[in-house]
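Reader: I'd like to learn how to read this one. Could you walk me through it?

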2 protein chains.
Amino acid sequence: MARIVMKFGGTSMAGIERIRGAADRVRREVANGNEVAVVVSAMAGETDRLVGFCREASPLADRAEYDVVVASGEQVTAGLLAIALQAAGTPARSWLGWQLPVSTSDAHASARIKGIDTDAMAASMAAGTVAVMPGFQGISPDGRVTTLGRGGSDTSAVALAAALKADRCDIYTDVDGVYTTDPRIVPRARKLAMITYEEMLELASVGAKVLQTRSVELAMKEKVRVRVLSSFNDGPGTLVVDEDEIVEQELIAGVAYNRNEAKITVGGVPDRPGVVAAIFGPLAEANVNVDMIVQNIAYVAGTTDVTFTVPRTELTLSESVLAKMKDSIGYASVTSDPAVAKISVVGVGMRSHAGVAVTMFKALADRGINIQAITTSEIKVSVLIAEEYTELAVRVLHTAYGLDA
Amino acid sequence: MARIVMKFGGTSMAGIERIRGAADRVRREVANGNEVAVVVSAMAGETDRLVGFCREASPLADRAEYDVVVASGEQVTAGLLAIALQAAGTPARSWLGWQLPVSTSDAHASARIKGIDTDAMAASMAAGTVAVMPGFQGISPDGRVTTLGRGGSDTSAVALAAALKADRCDIYTDVDGVYTTDPRIVPRARKLAMITYEEMLELASVGAKVLQTRSVELAMKEKVRVRVLSSFNDGPGTLVVDEDEIVEQELIAGVAYNRNEAKITVGGVPDRPGVVAAIFGPLAEANVNVDMIVQNIAYVAGTTDVTFTVPRTELTLSESVLAKMKDSIGYASVTSDPAVAKISVVGVGMRSHAGVAVTMFKALADRGINIQAITTSEIKVSVLIAEEYTELAVRVLHTAYGLDA
């Protein structure tokens, strides 16, 4: 017997037929002798509908009331899944965020889970009743409804698995696992049987949208074994686990791409101490999330060029922040290019193998793809290239690292 | 300064534009120096949508989980109205059923309010914040979500007004008050400035769907002054109050009709003690709500006919219950007629005036309308007639009692 948390996303909750399908999967786990808690998202599209109401009521809706409105979507699916389970002969009941409670910070619309009191739920599960918990929602220290931010149900599931000391947290989604890269670009991409938390985190941070980043961070911290698998077909999915659990480590786990950044170059910046802080301080104050940064060698004596990337949606904001600082910094020019892509290779094997980055640079150079910026972490190398080369670069690297099926 | 509870129905919450309209009415009461609590229904159609999901998931959905699902509709509008009020510069916050709490019985889907803890809400109102409470919902003794049954938000509003010792409970709806009869049948129907609780109750029980019956019972018990008025145009509406408050009492407050009953006649029933109990006992056990009952004089020595009405939706059920009892009772025949209508005149003035019923019988007889059954209460006379005469009977009685504008 194992204790399992199962999480179903919005597409798995889109309508009663699909909810019945999810109930069926839960029933099978119960039939295998497992104790099961289920975490559900709202029906696909429902959170958008509710967010739309709030925005229509006020573009600057009070976040506490926004949470009251948007948390209702998961309450509906939690009740419906409990009904569907009962109809199939499986005892089940819902546990709402305030009932357990799921204690969170008071940062409405982006609250953090502080703890989940699972005593009553665990007793009910031990007595043979499936527990159904709406994801995304919690309760603040002063007793008001909170939500965790978009995609927060993954985090709810991992937090519940940690609190219940569950043997596994199964995330049912519309893909059947984590792939070495996007199969739409590389048909020969392989599904990974296992991946480490750190690799999953790095892949999520560079655009692979399988799991919410915070849920992976939490799983890593709490050592929750997470499995990503499909709601719509059977298959083992991908297990996200600690590095120790992976016996034969591959050099590279995957290749990811991100087309959501834009490049800005501030030219003719006076080459004096503090000037970089003068550029990035005001951007941080404007909540612009600067990613890659490259400071070029000065071509003109006493000046330098600074190139960096920002989210494409914040390009206009960034340019207006920079325009205001023209006199105080004394730069010569600002140029920008939204048509860039960040390509990343991720793998814990990098730690013990030299030459991983060189393979990347060489493979891209062989195809005439120019690298505009580079960043590295312990287990990731990312390069910025012209957007039009995205698919080519992904395919070339997938082959270069021997990932093709 | 007064303390006022305002209640908005589903049509007043149907979309953000209407919610803004409701916020506008609230704002005006606040501007008049009043402390305001608001009770809201779900958006028109939303409860039906949620009930539909539950039925689709299971025709016999667990009522506790049904309540989890359907209570969400009012949570959404409570949050949205609070947002709309804030956007208009009026401080406001929502108070959900479990937050106050609104304590109810554990009869899920038809719970009764036992009490509302308004301490925190009243303090917040005194500090200038409008309180917004979702109607229809509460919390059971074991901490689960309950709902009050369809139309329960009127009862929520009256219960909140009683708990807050409010000066008035204003029910905003899609009609502009209580009329002497249905204006679609009698264009010269008059809007009543005032009506007593008891008259309102009797009118509600015979088909005038302005207020939920339970809300009127509660208002009468708790002496809550209720006002019925329109969300969509200005006007004083109708005040529902204690009899003492009405100085000049009319003889008849209104004429109502109900086409939802069907007539059953059990013929040739042995005329012996206990036979009537033998008929109505099993019907009561089958939850059939028998209304009017007439026992005719025996035409054949030793036998009698029993005629009664049941809700039209329960006619088939009633007939099958009666069929099972044919041998044990030994009746000769069962005949039924769904094409009947119950016409009622209601007024507390009846108590002190003789001849009210005679006026009714005479007016109907003058038009050749045959009376099939009669029931009376202290302040109501109802007759059963052929359905095709419904409109004619209503018009004739409206004139006969001098109600025409």
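Reader: How many residues of chain B are in contact with chain A?

Author: Contact here means that C-beta atoms, placed from the backbone, lie within 7 Å. By that rule, 28 residues of chain B touch 28 residues of chain A. Keep in mind that this is a predicted model: local features need pLDDT of at least 70, side-chain atom pairs count only at pLDDT 80 or more, and totals for chains, interfaces and linings use all residues. Residues are numbered from 1 along each chain as its sequence is written, while chains are lettered from A and ligands numbered from 1 in the order in which they are written.

Reader: Which element gives the largest share of chain B's side?

Author: Helices (H or I, at least four residues) and strands (E, at least two) are DSSP runs, numbered from the N terminus. On chain B, α1 (16–31), α2 (46–57), α3 (63–70) and α4 (72–87) each give two or more residues, and α4(B) gives the largest share, 11 residues.

Reader: What is the order of the strands in the open sheet of chain A?

Author: Strands pair if DSSP finds at least two bridges between them. The 4 strands run β13-β18-β20-β19 in chain A, with antiparallel pairing. β13 (254–258) and β19 (373–377) of chain A each have a single partner strand, so one side of each has no neighbour in the sheet.

Reader: And where do β13(A) and β18(A) meet?

Author: β13(A) pairs with β18 (residues 340–346) of chain A over 5 bridges, in the antiparallel sense. In β18(A), A:S344 is the bridge partner of A:A256.

Notes:
Two residues are in contact if their C-beta atoms, placed from the backbone, lie within 7 Å.
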